[in-house]
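Please examine the structure shown below, with attention to its pockets and to the ligand. The paragraphs that follow treat these in turn.

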Amino acid sequence: MTQVKASGKVLGASVTDIDLSRPLSAEDFGLIVRSLGQHGVLVFPGQRLESAQLRDFSARFGHIQQSVTGKLADPQVPEVGILSNIIENGEPIGLGDAGQDWHTDMSYNNTIGFTNILYAVKVPVRDGTPLGNTLFANMCAAYDGLSDSMKARLEGLTATHDFNKFWDKMRTRAGSIRPPLTPEQRAKRPPSVHPVVMTHPITGRKVLYCNPGYAIRINELDQQESDELLEALFTHQLQEKYLHTHVWSVNDVLMWDNIGTLHNAIPDYQAHEHRLMKRCQVMADRVFEPAFLSSARVGAGMH
Ligand code: SIN
């Protein structure tokens with residue numbers, strides 16, 4: 001029977017005695033959805049997945065967004081992208097610097113991201129220590145940690161999120177090979193607007209939905225007030241007490257909740273130290289639906 005063992009920290013649980021290459025049972029589907037809401041980041045160690053199996057597992061949770069810029073693991077499986085620093089025949093095999101700063105995936109979309117699912121094919125290791133950790137921040141705890149006056153101030157505010165903000169930030173990094181987005185790529189990823197405080201569909205708890213990677217403006221404030229409030233929120237949400245580190249092992253499947261967390265992939269490895277992840281980005285097009293929540297046996301207001 002599938003086991004879920006909580007890390008006992010601010011985020012994280014390990015899910016074992018489950019084979020993700022096989023179709024998920026209704027029980028395991030419900031257990032995973034509820035555990036994701038409760039723990040935010042789930043690791044499934046020791047999995048062996050073909051790209052199509054990673055896609056099939058991911059697609060149980062919503063529609064998979066395909067990359068407009070990245071490379072694919074397998075042309076037959078366009079839902080699965082590659083994140084890697086490996087160069088083959090002079091060409092990067094995947095997006096090398098994806099996610100290397102604090103952000104929330106797909107907050108720039110009208111339909112926001114629900115979960116990212118990564119499968120670790122290669123993990124860099126130096127002197128026995130794995131590199132390329134992924135850090136997470138808990139946005140439910142960050143909301144709870146706001147002062148009452150800040151909670152009242154945020155009620156009803158919305159933020160604009162822009163894909164181009166993170167893209168351009170990555171381009172300023174030394175050695176970046178990212179070209180500017182083409183007008184066609186920008187048109188596929190126009191900015192979007194979301195409430196700064198959301199109710200999490202699985203837990204019914206409030207989350208601070210704002211991130212330094214993509215949020216560019218609090219729409220109801222003038223520019224200076226908006227800049228100041230965003231800076232204050234970014235500083236607040238990244239305090240050590242809200243952070244969790246995932247240290248990768250080869251064959252980990254890592255699944256995280258994009259509604260209730262931020263993340264940051266740490267680039268502490270060099271070009272010859274190879275990292276290769278296969279990635280599916282699952283949109284929140286189903287997780288807000290009553291049918292999805294009831295099939296996961298999630299009651300409104302579950303805590
Ligand atoms: C991402 O932001 O989706 C990538 C995270 C990672 O490579 O660890």
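**Pockets and ligand site**

The lining of the largest pocket comprises 11 nonpolar, 11 polar and 4 charged residues. The model is a predicted one. In it, the largest pocket has a volume of about 680 Å³. Its lining counts 26 residues, and those closest to the centre are Leu95, Gly96, Asp97, Gly175 and Ile177.

The second largest pocket has a volume of about 300 Å³. Its lining is made up of 24 residues, with Gly37, Gln38, Asn138, Cys140 and Arg205 nearest the centre. By class, these lining residues divide into 8 nonpolar, 12 polar and 4 charged. Helix H1 (26-39) and helix H3 (139-144) each contribute at least two residues to this lining, and the largest share, 4 residues, is that of H1.

The ligand, for its part, sits in the second largest cavity. Two elements give two or more residues to the shell around the ligand, namely strand E9 (113-122) and strand E20 (261-265). The residues around the ligand include Leu83, Gly99, Asn116, Leu118, Trp256, His263, Ala265, Arg275 and Arg279. By class, the shell holds 4 nonpolar, 5 polar and 3 charged residues.

For Thr134, an N or O atom of the side chain is 2.5 Å from a ligand oxygen. A polar side-chain atom of His103 lies 3.1 Å from an oxygen atom of the ligand, and for Asp105 the corresponding distance is 3.4 Å. The protein covers 100% of the 260 Å² of accessible area that the ligand has on its own.

Methods. Residues numbered from 1 in each chain as written. Predicted model: local features only at pLDDT ≥ 70, side-chain atom pairs only at ≥ 80, totals over all residues. Heavy atoms only, no water. Near = heavy atom within 4 Å. Polar contact = N/O pair within 3.5 Å; in protein donor to acceptor, adjacent residues only side chain to side chain. Areas by Shrake-Rupley, 256 points an atom, 1.4 Å probe, with all protein chains shown as cover. 1 Å grid on protein atoms, 1.4 Å probe; cavity = no way out; pocket = protein on both sides within 12 Å on 5 of 7 lines; lining within 4 Å. Sits in = over half its atoms within 2 Å of the grid points. Nonpolar A, V, L, I, M, F, W, Y, C, P; charged D, E, K, R; others polar. Points joined across faces, edges and corners; volume = space filled by probe spheres on them.
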